[in-house]
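Open the model in your viewer and keep the selection tool at hand. The stops below say what to select and what is there.

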Amino acid sequence: MPTLVLRAAPLALLLAATAAVAVPHVPPSPDTPLARVPRADDPVQAELDHLGAALRERPRDAALAARYAQLAIQRARNLGDPRYAGQAEAALGPWQGAAAAPVRIRVLRATVLQHRHAFDAALRELDLALADEPGDAQALLTRATLHQLRGQLDEARRDCRALAARAPASAALLCRAAVDAVGGAADRALEIAARIAVAEPDPALKLWASTLLAQTLARLGRDADAAHAFDEAHQAMLEAGGTDFYLVAAHADFLLDRGRADGVPLLLAPYPATDALLLRLARAERELGRDPVRMRSLREQLAARFGASRARGDAPHAREEAWFALHVEADPRRALPLAAANWDEQREPEDARLLLEAALAAGNARAARPVLAWMAATGIQDSALERLRARLEAAR
Amino acid sequence: MTRGALVAATLLLWAPAAPAHKASDSYLRVAVDGAVVSGQWDVALRDLHALVNLDPDGDGIVTWGELERARGPVEAALGAALRLDSDGAPCPLAFTRLRVDHHGDVAHAALDLRADCGAEPRALGIAYGLLFDRDPSHRGLLRLQFGGVRSAVFTPERRELRVARGAGVALLEHLREGALHVWSGLDHLLFLACLLLPAVLRREQGRWVTASGAAAARDSIVVVTAFTAAHALTLSLVLLDHLSLPSRWVESLVAATVVFAALNNLWPLVQRGLWLLSAGFGLVHGAAIASVLAALELPEGGALAALLGFNLGVEAAQLAVVAAWLPLAWWLRDRAWYRAVVVTGGSVAVLAIALAWLVQRALDLPVS
């Protein structure tokens, strides 16, 4: 698969090479390999280069810019490399802050903004797009996803309903099923996801359906079914021809929850070391406790990445930093405010769980209240969240 | 809408934002010594490859040999993206050595650079324009040694920096930090409020009577200065690593001092030598704030100027509070409600807040 060309070192290689010294040096030989770049025969990179060159001639060509941006965003997701998202943003730059912009450009801008956690700006962009073109399927789907990410399930359902008339049936059904899965109708979500996971010919939709299926089964505590569904979802990912970091991280979480930390390093070994995957690996190594040297190296790497992100002046990655503090550093006092700040930004089940766990570990049941209220309001069915709620109530 | 377009979009859109990877950063370290500016600039090979083809054989791997052979075009591309000037006059830039450096797990081309400005700059200008037109998420991380050491980040919105020489800069910057510390630290302001509420009054046989204006001003300034001097002493000792105290106890002690100051207004325990009390409390507050200020990162070589600046900032802001408060209090001093509502009521309110802190900090309750 051409899109599987890995630009970042896979986790397995990375760990072998972490001793790289931060001292300027002259490599021992002209043949010393230094970095991976896209191969000359990589067709996606060739198309990006081609479009990029055309775009430098005609930077205001909206169709060209949209094609370039879409390809670059896809690559950013597949490789976990934010450079491509930056390149997409550059291609969309001529329309930044413009009063009038094509709907497609606005949707792509929203996607880039979401990528760098500028959720409010992304929503504004989508609202503008849908004001121009109320039935635009991509805009509706993107906004539904964003609403769901922020825990606004009613708004997400509304967008999915509007989508039903405009998009392939599977896409609209999955849009709704994804909301139902966290909104108190998990059985209906399971039924739809299972059906589409089996019958859907389109690999991307099939991957979406099988990931949703596996995660929902895991939340319901149906472990054997979930384990099977995760394997199926991996198969769907291979068929779709890319890396889906969301799925891989969810699978690692599933193993960690079931006390299967020993399976995590093997699961993650083939993939580039994104922050999220490195965090899971560090938690697994901590629980296994078999290699203190490697553990220290992982902690240092993660701390260095958070430090580098702060040095850049990026918006803090509260979800990842809270996870790190809680599950890797075992420092709930530091994790709690981060998890609470993250809850103000992102409200998915894993964010809810992070705040409950941090509150419990820090012995501060009051901090968990917003999540408990959210659980009651959404009716989410999630055995891990329920267990945490019970423990918080017992601790009171 | 074709099905294909939408499906491609779903692949993009349904998954939550992909987590961050090592982003595109370059590291620029520069030192000014007399008329000469020298330093090292580290640019990720993957970023450089976007500007200069570093992989002519197309095998997807950049080797040291490939990098060395591309040195000319690399220097031209980087030279076009960085401009230095001394008080507006350009300092011609040359790259003197090419090596390799790692940041995180990412290989960077490390270029030594040197620019001769002709004369020692009073203000150094740096204009940075690498990659921004291709990738607005690129950042240039600058560490500049010019008198003191300072750091800055170049972004598409901020591509230029002008820095005046020296310790004076550190002093001025920290002067502001110090003043902000007074405005933003609630316990600091409450403590000051307690000392100043009855400043225009004095006790005689258990009753408040009006003090003279000159006496009020003098007493207030003495009290505030004693506080700052003591504060400066412990703050400096902690920041310079000569003293280390457990922060929980220090924080609790700070709350206790505010409680005491409020109580002292209601049931006077200490009436004379208030400045001694104030100095004692200053020692405690200084130790407390030092732990918070670990993030202040004292510049190497400019630590003393920075500390001096910080303390002068604290003092200036406190005196500003005194200057704003005293005339008002002086004007209100003879009204009965000033004593009942402002002095007594204010002290009770401060007491309540400080007691809550004391309990929270002493028992180590989490703040939510």
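Select helix 9 of chain B, residues 274-292, and find B:L276 within this helix. This is a predicted model. Is B:L276 buried or exposed? B:L276 has a relative accessibility of 52% and therefore counts as exposed, because the cut-off for exposed is over 50%.

Together with B:L276 they make up a nonpolar patch on the surface. The accessible area of the three together is about 300 Å².

Stay with helix 9 of chain B, and select B:F281, which lies in this helix, along with B:F260 in helix 8 (residues 247-266) of chain B. How are the rings of B:F260 and B:F281 arranged? They form an edge-to-face aromatic pair, with 85 degrees between the planes and 5.9 Å from centre to centre. The two residues are 21 residues apart, and their pair links distant parts of the chain. B:F281 is buried, at a relative accessible area of 12%, whereas B:F260 counts as partly exposed, at 25%. The limit for buried is under 20%, which is why the two residues get separate labels.

Next, look at aromatic pairs in the whole structure: a search over all chains finds 7 of them. Select B:Y128 and B:F154. Their ring centres are 5.1 Å apart and their planes are at 5 degrees, so this pair is stacked. B:Y128 belongs to strand 8 (residues 123-128) of chain B, and B:F154 to strand 10 (residues 148-154) of chain B. The pair therefore ties together parts that are 26 residues apart in sequence. B:Y128 is buried, with a relative accessible area of 2%. B:F154 also counts as buried, at 2% relative accessibility.

Which residues touch the most other members of the largest nonpolar core? They are A:L163, A:L268, A:L356 and A:M375, in a core of 106 residues. Pick A:L356 and show what surrounds it. Leaving out residues up to four places away in sequence, A:L356 touches A:A368, A:V371, A:L372, A:M375, A:L385, A:L388 and A:L392.

Finish with a second, separate core, which has 45 residues. To find it, select B:V43, B:W64, B:A70 and B:F146, which are among its members.

Terms used: Residues numbered from 1 in each chain as written. Chains lettered and ligands numbered in written order. Predicted model: local features only at pLDDT ≥ 70, side-chain atom pairs only at ≥ 80, totals over all residues. Heavy atoms only, no water. Core = buried A, V, L, I, M, F, W, Y, C linked by side-chain atoms within 4.5 Å. Buried < 20%, exposed > 50% of the residue type's maximum accessible area, 1.4 Å probe, protein only. Contact = heavy atoms within 4.5 Å. Patch = residues over 30% accessible without salt bridge, like charges linked within 9 Å, V, L, I, M, F, W, Y side chains within 5 Å. Areas by Shrake-Rupley, 256 points an atom, 1.4 Å probe, with all protein chains shown as cover. Salt bridge = Lys/Arg side-chain N within 4 Å of Asp/Glu carboxyl O. Helix = DSSP H or I, 4+ residues; strand = E, 2+ residues; numbered from the N terminus. Phe/Tyr/Trp six-rings, centres within 6.5 Å; stacked < 30°, edge-to-face > 60°.
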